[in-house]
Amino acid sequence: EWEILKGVMVVDERENIAPGLGDKMTVTLLPGEYAMTCGLLNNPRGKLTVTDSGFKQAGGEADLTKLAQPLADYKTYVQAEAKELVAKTTAFVAAVKAGEVEKAKSLFADTRTHYERIEPIAELFNELDPAIDAREDDYKQGPKDPEFTGFHRIEHALWVEKSTDGVKEVAGKLEADVKKLQAEIDALTFPPSKVVGGAAVLMEEVAATKISGEEDRYSHTDLSDFQANVDGSQKIVELFRPLIAEKNQALLDKTDANFKQINEILAKYKTANGFETYDKLSEADRKTLQAPINALAEDLAQLRGTLGLN
């Protein structure tokens, strides 16, 4: 993973670059100094100095004017989700600290919903996102690695260890981290390309990795995450709908049809308390879900270009 940072915010990145392979990243940056890092901030870093090349985006001013209101509305949405995330994480952490395993389990998926809906913004924060949402694969010692924190470390304790004794400090850190995330979101000026691109990022992540069940591998609450990712992606499309329709109504129609199909498939697995566990789905069920998710991700990847934000 290679990232360009401005302070704690990820400006652009390339992920999943396997050893021995390469990737290309082209990005337009405002003049200034940026940091470059390979993954986490404690990994090798470098400095990138950008000077003014004289480049001016044709029609940029008018486009930014049109984008202002949907961007403001999206920030309001993200702030509301962050507020819910803090409130529900506080209750979840209280159950963990009290050793109430079954209660904490019952709160896990619903609490994470609010993080998954705003993941494109949460992922802009280079240290907070892995602290809150990393998986055991990112650590040498797996689930027992002392650096492994956040929701999924606690998930392992609840479903595998069946005890919260070893994660009470982790739970306290999680609560502090989501509160810090809320404060960072409040202070953030949302980058238009990251917001619009976030609709695709949410679905690409489901299509590329989450569909395998790797994220919620202990609890199998993956379908709740999928629905939250769809909700977050659909919200972005809804807020930018008039601008997308003006540029490419056919793309919008295809996107709407795919959202409808995915929501209908997910609805089949809803229960009184959320969703069926993902391990109950057959390989055929997963493939039925994957096809429209792949198609939707491909369509949503066109949104930035459609709105002149590439």
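## Basis of the model

The model is predicted: local features require pLDDT of at least 70, side-chain atom pairs count only at pLDDT 80 or more, and totals for chains, interfaces and linings use all residues. Residues are numbered from 1 along each chain as its sequence is written, and side-chain values use heavy atoms, with hydrogens and water left out.

A salt bridge is taken as a side-chain nitrogen of Lys or Arg within 4 Å of a carboxyl oxygen of Asp or Glu. The count under this rule is 30 salt bridges. Helices are DSSP runs of H or I with at least four residues, and strands are runs of E with at least two, numbered from the N terminus.

One of the salt bridges joins the side chains of Asp-216 and Arg-112, with an N to O distance of 3.6 Å. This pair connects distant parts of the chain, 104 residues apart: Asp-216 belongs to the loop between helix H7 (192-208) and helix H8 (222-239), and Arg-112 to helix H2 (residues 101-117). Both Asp-216 and Arg-112 are buried, where buried denotes under 20% relative accessible area, exposed over 50%, and partly exposed in between (1.4 Å probe, protein chains only).

## Salt bridges between two loops

Arg-135 and Glu-214 form a salt bridge in which the closest N and O atoms are 3.1 Å apart. Because Arg-135 is in the loop between helix H4 (128-133) and helix H5 (151-161) and Glu-214 is in the loop between H7 and H8, the pair ties together parts that are 79 residues apart in sequence. Arg-135 counts as buried at 13% relative accessibility, and Glu-214 likewise counts as buried at 19%.

Asp-137 and Arg-217 also form a salt bridge, the closest N and O atoms being 2.6 Å apart. Asp-137 lies in the loop between H4 and H5 and Arg-217 in the loop between H7 and H8, so this pair ties together parts 80 residues apart in sequence. Asp-137 counts as exposed, at 53% relative accessibility, whereas Arg-217 is partly exposed, with a relative accessible area of 23%.

## Helix H2

H2 comprises 17 residues and reaches 25 Å from its first C-alpha to its last, close to the 24 Å expected at 1.5 Å a residue; the expected span is 1.5 Å times one less than the number of residues. A kink of about 35° is centred on Phe-108 in H2, the bend being the angle between axes fitted to the seven residues ending there and the seven starting there.

Of the 17 residues of H2, 12 are buried, so the helix is largely enclosed by the rest of the structure.

## Packing around H10

Helix H10 (residues 249-267) packs against helix H11 (residues 283-300) at an angle of about 155°, with axes 9 Å apart. Axes are lines fitted to C-alpha atoms, for helices over the stretch in contact, and angles run from 0 to 180 degrees between N-to-C directions. H10 and H11 are therefore roughly antiparallel, a term for angles over 145 degrees.

H8 and H10 also pack at about 155°, with their axes 11 Å apart. H8 is thus roughly antiparallel to H10.

## Phe-190

Phe-190 is located in the loop between helix H6 (168-187) and H7. Phe-190 is buried, with a relative accessible area of 7%. Its C-alpha atom is separated by 8.9 Å from that of Tyr-74, 116 residues apart along the chain.

Technical notes. Parallel < 35°, antiparallel > 145°, perpendicular 65-115°, else oblique.
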